[in-house]
Amino acid sequence: MEIKGINMVWLSEVDLTNLNSGEGESNFVDVKKFKKDNIEYPYVSGQAMRFYLRESIRRDLNDNEAMCLPNNKGETCGNIENCINCDLFGFMTTIKDKGADVRTSPIKISPAIGLLPFEDNSNIDFLTRKHRVGEGEKNKGDIVNVEIGTNIYKSGLSIDVRAVGAIEIIKENENSNVPSELEMDFKLKNENERYNRIKKVLNGILSISNYSKQARLLVDFTPDIFAISLQNQYNHRLQKLFILDEDRNLNISRINDILDDVLEYSNDIVIGWTSGIINNEIDVKKVFKDKDIQIFTPKKAIHEVINLINVDD
Ligand SMILES: [Zn+2]
């Protein structure tokens with residue numbers, strides 16, 4: 001089966017922390033929130049999630065691999081063949097006299113959305129911020145209030161497999177009555193390198209750690225419960241798999257419906273599971289088992305997916 005799309009959707013439980021601050025005020029660090037039916041939930045922006053993933057992949061680079069850093073204009077090198085950053089995360093660079101060179105990222109990441117109401121799962125902590133003072137002066141400090149909360153976040157990732165290491169070019173037809181065609185131009189000479197980069201993304205998600213305020217508020221924000229689909233059709237359908245109610249039960253009918261849909265174009269769906277995150281785990285696991293979908297601990301699940309990619313390769 002030719003894999004065209006890889007989807008991953010996950011839940012991650014976090015202890016008290018502040019993963020992404022909102023606008024705040026000078027002495028108040030809030031948590032980014034959105035409202036649904038007039039109830040506030042925390043979230044981590046998609047931009048922040050991309051940053052975490054990128055830094056996670058960067059930590060895992062081998063000696064012969066490179067990811068450029070943007071210059072002071074925020075521009076990157078634009079070399080898809082040699083730069084994992086520009087290939088996977090896209091870029092917009094202005095080239096003198098030529099205008100803009102733009103690459104759309106083959107990796108799409110959703111914001112991480114808190115599924116439990118913020119008010120019921122949060123607190124305001126304070127810390128003192130000390131200022132440097134001259135000799136003989138009294139130590140000064142001011143109090144900063146920090147909103148912190150615990151929650152279960154849902155997030156997702158989609159990989160446009162055909163676009164990794166490749167660009168679409170417009171092939172003009174000589175006969176102007178025939179519309180021009182889009183053609184893939186593969187920048188990577190070695191197909192294995194394409195899969196190597198996809199593996200880096202999957203491993204990267206499992207090791208994200210560069211989120212803010214960890215010096216005092218260390219938490220694990222890696223996926224606890226997830227599904228990954230290897231699809232011969234590109235779409236984002238799997239992203240709707242999980243609905244969690246306030247008693248921490250996952251909606252069984254929803255999981256059934258989405259899986260039935262996605263199994264139409266996926267030979268393989270793999271589940272990663274950590275116990276004790278949701279309440280109705282026996283019922284949820286039964287849905288997967290009834291559909292012959294295998295469940296592993298998160299790290300083993302990623303290994304399984306990587307093995308499947310190698311076999312299909
Ligand atoms: Zn680059």
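Strand β11, residues 166-171, is hardly covered: of its six residues, the number that are buried is zero. The model is predicted.

**Strands β11 and β12**
- β11 pairs with strand β12, which spans residues 181-186, in the antiparallel sense over six bridges.
- Within this pairing, I169 has E183 of β12 as its bridge partner.

**Helices α4 and α5**
- Helix α4 covers residues 252-262 and helix α5 covers residues 281-290; their axes come within 10 Å and cross at roughly 15 degrees.
- Because angles under 35 degrees count as roughly parallel, α4 is roughly parallel to α5.
- The crossing of α4 past α5 is right-handed.
- On the α4 side the contact is made by I252, I255 and N256, and on the α5 side by D283, V284 and V287.
- By type, the residues of this contact between α4 and α5 are four nonpolar, one polar and one charged.

**Residues with positive phi**
- D37 is not a glycine, yet its phi is positive, at about 50 degrees.
- The loop between β3 (33-36) and β4 (39-44) holds D37.
- D37 has 4 other C-beta atoms within 10 Å, so it is exposed.
- R248 is not a glycine either, and its phi is positive at about 65 degrees.
- R248 lies in the loop that runs between β13 (225-231) and α4.
- R248 has 16 other C-beta atoms within 10 Å and is therefore partly exposed.

Definitions and conventions:
Residues numbered from 1 in each chain as written. Predicted model: local features only at pLDDT ≥ 70, side-chain atom pairs only at ≥ 80, totals over all residues. Buried ≥ 20, exposed ≤ 12 C-beta atoms within 10 Å, placed from the backbone. Helix = DSSP H or I, 4+ residues; strand = E, 2+ residues; numbered from the N terminus. Pairing = 2+ DSSP bridges. Axes fitted to C-alpha atoms, helices over the stretch in contact; angles between N-to-C directions. Parallel < 35°, antiparallel > 145°, perpendicular 65-115°, else oblique. Left-handed = near helix turned anticlockwise from the far one by under 90°. Contact = placed C-beta atoms within 7 Å. Nonpolar A, V, L, I, M, F, W, Y, C, P; charged D, E, K, R; others polar.
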